[in-house]
There are 2 protein chains.
Amino acid sequence: MMVQKKTRGQLIVLSGPSGVGKSTVISELLGQRQDIYFSVSFTTRQPRMGEADGVNYNFVDRAEFERMIAAGELLEHAEYVGNYYGTSLKVIQEKLDAGIDVLLDIEVQGAAKVRAKCPEAVLIFIIPPSFEELSRRLRGRNTDSEETIAGRLQKAREEYQQIPNYDYLVVNDKVSAAAAEIIAILLAEDCRTRNRLHLVEGI
Amino acid sequence: MMVQKKTRGQLIVLSGPSGVGKSTVISELLGQRQDIYFSVSFTTRQPRMGEADGVNYNFVDRAEFERMIAAGELLEHAEYVGNYYGTSLKVIQEKLDAGIDVLLDIEVQGAAKVRAKCPEAVLIFIIPPSFEELSRRLRGRNTDSEETIAGRLQKAREEYQQIPNYDYLVVNDKVSAAAAEIIAILLAEDCRTRNRLHLVEGI
C-alpha cells in the first residue's frame, strides 16, 4: 500500500455494544495497520483478572482522575456504573501532530464529546448482524448472569439511538470483513480532498 | 469481500486532467469491481487511434448531440476544447435504482452539474504526481502537437481550481495504488451510516 505523507494523523473513534466483538476487530485492525496508535483509556475501576496497567487501561485512583479533569488533561471522560473512564489529551495531540493515526475505543457519550471537540474525527459504530446474534455472543462468553445480559441488551438498544451521529457503520458478521471495511474507511479518509490539498500544485 | 445489500447504487464521478492516465486507472478498477457499470459518455470529438464507438465513447455528430440536449436526454453536458461531452440520464437512473454503482468519467464542468443534480454523488479527482510528470505523459502519447500539449497543461491548471469541490483526491503515481484507493473509497462510501441505516434494528 502506498504510504502518503500526511500533515496530520486521523483521530478514529470506535464504538459498539458490549459483546459485538469490538476488541477482536481492533486486534485484527492493529495487526494489519501497525502504524496506528491505540490510545489506552484511564479508569478508576479495579483491574479485572488478566488486565494489565497500561495495556487494557491506565488504572488510577479517584483523586488522580479528578486532578486530571481539573487540569484539563482529558479529551473526554464519563462516569459509568460508579467509575470514571477518560482519554488523555496530551499523548493524542502529540501523535496526531506527528502524522500518526490514533484509535480510541470509547462508548457513545465519550464519542459525542470527542466529536464536539474534534469535528474532523472519524466516528465508526460497530453492530452485530442482529440483536439475536448479540444475545447469543453475550451468552457464549459464559461470564454474565441472565440479568446482566438483559441489561447489556437494553444498553445496546439505547446506544443504537446514537448511530446516526456516527460517520460509518460496520456490521461485524465476520471479523476479517469488518476489519477490512475499517481499513478501507481509514484509507478513504486519507484520500479526502481536505486532507490532501497540500499535494496539489498551484492552489 | 462481503457484498452488502444496497438499497441504491452509488453514482461515482471521476475527473482528472488529460494525460493523467485516467482510462488506465478505470480499466484496473473495473477489472476488480466488475459489478460497477461504467457509463459511456457521448461526444462529438473524433475517435483517437484504438478508441471504439460504444466502448470509450459513444461518438455522435454535433446535430445528434444538440438533439439530445434539446430532448433533455442528458444528465450533464459540457463543451471542452471545442467538442461536446455528455452523459445519458436514463440508463444511469435504471442502474442506480437496481442497486448498481455507476461510474462516470467526466470533466469538471460536467461534474459540477452532476453534483448540483445528485448531491449524494461521490466525486473523485485524479492528479498526476506533478505537472512535470503530466507534461511527460502527454508527450509520451505522441498524439498531440506541442501547441495542443501546452493547451492541455493550461487546461489542467484551470481544472485544478475545482479540486476543492471534489470529495476525494487520488494521486496517480502507480496505477494499482490509485485503483486500490478508489476501491477503498467506494467500500467506505458503502459503509456510510446514511447508506446502512436499513441494517439497524430498532431505529
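**Chain B against chain A**

Across the interface of chain B and chain A, 16 residue pairs turn up in polar contact, both partners at pLDDT 80 or more; here a polar contact is a pair of N or O atoms within 3.5 Å, where within protein one must be able to donate a hydrogen and the other to accept it, and residues adjacent in sequence count only if both atoms are side-chain atoms. This is a predicted model, so local features need pLDDT of at least 70 and side-chain atom pairs count only at pLDDT 80 or more, while totals for chains, interfaces and linings use all residues. Side-chain values use heavy atoms, with hydrogens and water left out, and residues are numbered from 1 along each chain as its sequence is written.

On the side of chain B that touches chain A, the elements giving two or more residues are β9 (168–171), α7 (175–190) and α8 (193–196) (helices, H or I, of at least four residues and strands, E, of at least two, are DSSP runs numbered from the N terminus). The largest share, 8 residues, comes from α7(B).

As for salt bridges (a side-chain nitrogen of Lys or Arg within 4 Å of a carboxyl oxygen of Asp or Glu), the rule finds 4 across this interface. E181(A) pairs up with R196(B) in a salt bridge, with the closest N and O atoms 3.0 Å apart.

The contact (heavy atoms within 4.5 Å) draws 34 residues from chain B and 35 residues from chain A. About 2,900 Å² is buried between the two chains, with carbon and sulfur atoms giving 63%; buried area is the accessible area (1.4 Å probe) that two parts lose on being put together, summed over both. L169(B), T193(B) and E201(B) supply 19% of what chain B buries against chain A, more than any other three residues.

Terms used: Chains lettered and ligands numbered in written order.
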